[in-house]
Amino acid sequence: MLPEVDNKPPGFQAARMTGVNSLRENAVAYMERTKKNIQMLVELSSTKRTHGVINPFRYERVYTASALPLTMKILDRIEEENLDLAKRINDVVAEIDSGIKGGEFTKDSNANRMDNLPFTMKENSLDKYKGYNFHMPETNKERWQLFRPRVYFDIYIKEARPLGRIVVELYTEAAPAVVLEIVRACISNSHEKFLIKRLFPSLWFDVNLELEANSPLRRPLEYDGKIIDHGEHGHVLSFSKDHLQGFRDHLSFSLSFKPLRVVNGARVGFGRVIKGSKIIDCLQSYGTKNGKLFRSIVFSGCGFL
C-alpha cells in the first residue's frame, strides 16, 4: 500500500478571520454612538446659551399633588401683610406735596410760620442800603414776606403724569429785581412763561422766564453774591454773572441738583428749594449729559405762599 501525500492547501476561514460578517453591526453601532454624541453636544450648547435650562430627557408626565391648598395659604398670608402695610402707610406723614391735596402748603400754614418764627439774616446784608431811607419791617411776618418770600411750582411730565409740587424760598437781598420778577409771575400764576430748556444730570437744569418789554431785568442788576454758598446747599436757584448788565428776552436761571462749590463767584444764588427735593432729584433721569431732555418737562402751575 503506497502512502498518499496530501498536497492540498489547508482550509482557511476567511470570514471568521476578517470579521466581514460583523462589519455591518459595527457600522450601525458606530452611527448610533455618533448620533448620541451629536445630541449630547446640542444639549450642552443649549444649556450654555440658556444658562442652566436643560432638557432632563424625562418626557413622561409627572403626577403631583394639587397646589391649591398651598396657594390659598399664600394668598391669606399676602392679604395679612397688605393690611399691615396699609396701616403703616396710613400713619406716615408725607414729606412732599403732590399737588393733588392742599394740606401743609396752604397760606394759613405759611402765615403761622411767619408769625411764630423770628426772622434772622446775615450780618451786614443791608449795609449797602444805609444811604437810603430804608425802614426795617417791624413784625416777623412782614420781614418773612419781604426778605424770604415763598413760591411753589407744580411740575408735570408732558403727556405722562404730574411729578408733584416744589416750594422755593427766595432771598430778596441777593437779587431784588430777579426775586420780584419771579414773585410777580407766581402771584399771577403765569406758569406758561417758565420753560425748562436744558437738564444736566448731577449738575442743574436751566429755566427761562419770558420778560416783558419794560422789565427792570433788562437793565443792570443789583446783587449780592455772598448770600448763598453754593458749596453748602444743593437745590439752589442761581443765574450767571454774565447777565449782570441785564437780560435780553428772558430771565435765564438754573436749579442745581447738588452742592456746587465750584460755581461760587461765578453765579449769584437767590433762592433754595425747601420742599420737594425728592421731586427735583427725580428730574435727573429725564436728561442727558449734553443737556437734552428725554421728555418735555413743564410747570403746570405756580403761586405765592
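Author: Strand E4 (residues 204-210) is largely enclosed by the rest of the structure, because 5 of its 7 residues are buried. Here, buried means under 20% relative accessible area, exposed over 50%, and partly exposed in between, with a 1.4 Å probe and protein chains only. Strands (E, at least two residues) are DSSP runs, as are helices (H or I, at least four), and they are numbered from the N terminus.

The model is predicted, so local features need pLDDT of at least 70 and side-chain atom pairs count only at pLDDT 80 or more, whereas totals for chains, interfaces and linings use all residues. Residues are numbered from 1 along each chain as its sequence is written, and side-chain values use heavy atoms, with hydrogens and water left out.

Two strands pair if DSSP finds at least two bridges between them. E4 runs antiparallel to strand E3 (residues 194-200), and 6 bridges join them; Phe-194 has Leu-209 in E4 as its bridge partner. E3 and E4 form a hairpin with 3 residues between them, and Ser-202 in this turn has a positive phi of about 70°.

E4 is also joined to strand E6 (residues 250-256) by 7 bridges, again antiparallel. Asp-206 has Ser-254 in E6 as its bridge partner.

The loop between E6 and strand E7 (267-275) holds Pro-259. Pro-259 is partly exposed, with a relative accessible area of 42%. Leaving aside residues up to four places away in sequence, Pro-259 touches His-230, Gly-231, Glu-232, His-233 and Gly-234, where contact means heavy atoms within 4.5 Å. The C-alpha atoms of Pro-259 and Gly-231 are separated by 4.7 Å, although these residues are 28 residues apart along the chain.
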